[in-house]
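Subject: Structure for your review

Dear colleague,

Please find below the structure that I am handing over to you. My notes on what was found in it follow directly after.

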Amino acid sequence: MSNKFRSEWEGQIKFFADLKISADVELTHNTDGVYKGTLFEFKLTISDINKALFQAIKYLSHRRIKGEQVPAQILLVALNEEIAYLFNSNIFLEDIEKIYAGAA
């Protein structure tokens, strides 16, 4: 990629294009997309992996509460760093089952 993106949206479109994934992925509950069992969370940079992961867990909690399927994986993508972190959602099931107030 080697681009420095100014917005998450700009990087997200490039990311999906590079992987030949339609940009029409399911964008729900303020996440950056759910595609084939993976929740995507895009950041320009990730300085605190735990903070970004917690945000994704809260999104998954909101999906569960609405009766929607919880994706099996969480993919945190640091666009300008060109790094992706992949997590198994089952590891965080206890946290996903909690009810959180407010936005992630």
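In strand β2, the residues T38, F40 and F42 point one way, while L39, E41 and K43 point the other way, and all are buried. Strand β2 is thus described as mostly covered, with 6 of its 6 residues buried. Buried here means under 20% relative accessible area, exposed means over 50%, and partly exposed lies in between (1.4 Å probe, protein chains only). Helices (H or I, at least four residues) and strands (E, at least two) are DSSP runs, numbered from the N terminus.

Please note that this is a predicted model, in which local features need pLDDT of at least 70 and side-chain atom pairs count only at pLDDT 80 or more, whereas totals for chains, interfaces and linings use all residues. Residues are numbered from 1 along each chain as its sequence is written, and side-chain values use heavy atoms, with hydrogens and water left out.

The sheet

Strand β2 belongs to an open sheet of 4 strands in the order β1-β2-β3-β4, with mixed pairing. Two strands pair if DSSP finds at least two bridges between them. The edge strands, each pairing on one side only, are β1 (34-35) and β4 (83-88).

Strands β1 and β2 pair in the antiparallel sense over 2 bridges, and V34 stands opposite L39 in β2. These two strands form a hairpin with 2 residues between them, and K36 in the turn has a positive phi of about 45°. From β2 the chain crosses through α2 to β3, and this β-α-β crossover is right-handed; that is, with the strands pointing away from the viewer, the path from the first strand over the helix to the second runs clockwise.

Strands β2 (residues 38-43) and β3 (residues 73-78) run parallel and are joined by 6 bridges. Strands β3 and β4 run antiparallel, also joined by 6 bridges, and L76 stands opposite Y85 in β4. In the hairpin of β3 and β4, with 4 residues between the strands, E82 takes a positive phi near 55°.

Residue T38

Leaving aside neighbours within four places in sequence, T38 is in contact (heavy atoms within 4.5 Å) with G33, P71, Q73 and L75.

The nonpolar cores

In soluble globular proteins, nonpolar side chains tend to be buried together. A nonpolar core is a set of buried Ala, Val, Leu, Ile, Met, Phe, Trp, Tyr and Cys residues joined through side-chain atoms within 4.5 Å. The largest one has 14 residues, and those with the most contacts inside it are L39, L53, I57, I74, L76 and F92. The elements giving two or more residues to this core are α2 and β3, and α2 gives the most, with 5 residues. Not counting residues up to four places away in sequence, I74 touches L39, L53, A56, L60, Y85, L86, F87, S89 and F92. A second, separate core of 9 residues includes F16, I21, F40 and F42.

Yours sincerely
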